[in-house]
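Reader: Could you walk me through this model, with the cut-offs behind each term?

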Amino acid sequence: IEKYEFEVDLIVQTPTSMHGSSEGHTGYIYKRRDHETSSGKFRCDPLYHDAYELVKKGPASLYKNVVDRVDKELNSGRATRAKKIVHCIGSDDEEE
C-alpha cells in the first residue's frame with residue numbers, strides 16, 4: 001500500500017488458512033479514499049460492480065454472502081458437464 005501510494009483505508013484485517021493446511025495468511029479489505037467523480041459516484045469497472053456493491057454493505061453482509069455461497073457450492077453435488085461452477089460474487093446462475 002505504501003510502496004505504490006494507494007489512497008485507501010484499512011477496514012478489516014483477519015487471519016485466514018485453507019482447510020486442512022497449517023499455512024496461514026492474512027486477508028485485508030480496504031476502502032478507497034476520495035475517489036469520486038464529478039457526479040459524486042465512485043467509478044467502478046463493470047467486472048467488479050457486484051462485488052463493490054456487496055462490500056459497500058459492510059463486513060456482516062459480505063460474510064453472510066460468503067457463507068451462503070460456500071454452503072450452496074458444498075451442497076450442490078458434484079460438477080458435471082451440464083453444471084458449471086461459477087466463481088463470481090453475486091451470480092446465482094450455476095447452470096450453463
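Here are some questions and answers on the fold, the pairing, the contacts and the surface.

Author: Happy to. This is a predicted model, in which local features need pLDDT of at least 70 and side-chain atom pairs count only at pLDDT 80 or more, while totals for chains, interfaces and linings use all residues. Residues are numbered from 1 along each chain as its sequence is written, and side-chain values use heavy atoms, with hydrogens and water left out.

Reader: In what order do the elements run from the N terminus on?

Author: Helices (H or I, at least four residues) and strands (E, at least two) are DSSP runs, numbered from the N terminus. The chain has 2 helices and 2 strands. From the N terminus on, their order is β-β-α-α.

Reader: How many bridges join strand β1 to β2?

Author: Two strands count as paired if DSSP finds at least two bridges between them. β1 (residues 8–17) and β2 run antiparallel, and Ser-17 has Gly-24 in β2 as its bridge partner. Pro-15 stands opposite Thr-26 in β2. The number of bridges joining β1 to β2 is 9.

Reader: Which residue in the turn of the hairpin has a positive phi?

Author: The hairpin is formed by β1 and β2, with 6 residues between them. A positive phi of about 80° in that turn belongs to Gly-20.

Reader: Which residue forms a salt bridge with Asp-68?

Author: A salt bridge is a side-chain nitrogen of Lys or Arg within 4 Å of a carboxyl oxygen of Asp or Glu, and the structure holds 2 of them. The closest N and O atoms are 2.7 Å apart, and the partner is Lys-64.

Reader: Is Lys-64 buried or exposed?

Author: Buried means under 20% relative accessible area, exposed over 50%, and partly exposed in between (1.4 Å probe, protein chains only). Asp-68 has 38%, so Asp-68 is partly exposed. Lys-64 has 51% relative accessibility and therefore counts as exposed.

Reader: What is the area of the nonpolar surface patch that includes Tyr-28?

Author: Patches are made of residues with over 30% relative accessible area and no salt bridge, like charges being joined within 9 Å and nonpolar side chains (Val, Leu, Ile, Met, Phe, Trp, Tyr) within 5 Å. Accessible areas come from the Shrake-Rupley method with a 1.4 Å probe, and for residues only the protein chains shown count as cover. Tyr-28, found in strand β2 (residues 24–32), is partly exposed because its relative accessibility is 43%. With Ile-1, Phe-6, Leu-10 and Tyr-30, Tyr-28 makes a nonpolar patch of about 480 Å².

Reader: Thanks! What share of the chain do buried residues make up?

Author: The chain has 96 residues. The buried share of them is 9%.
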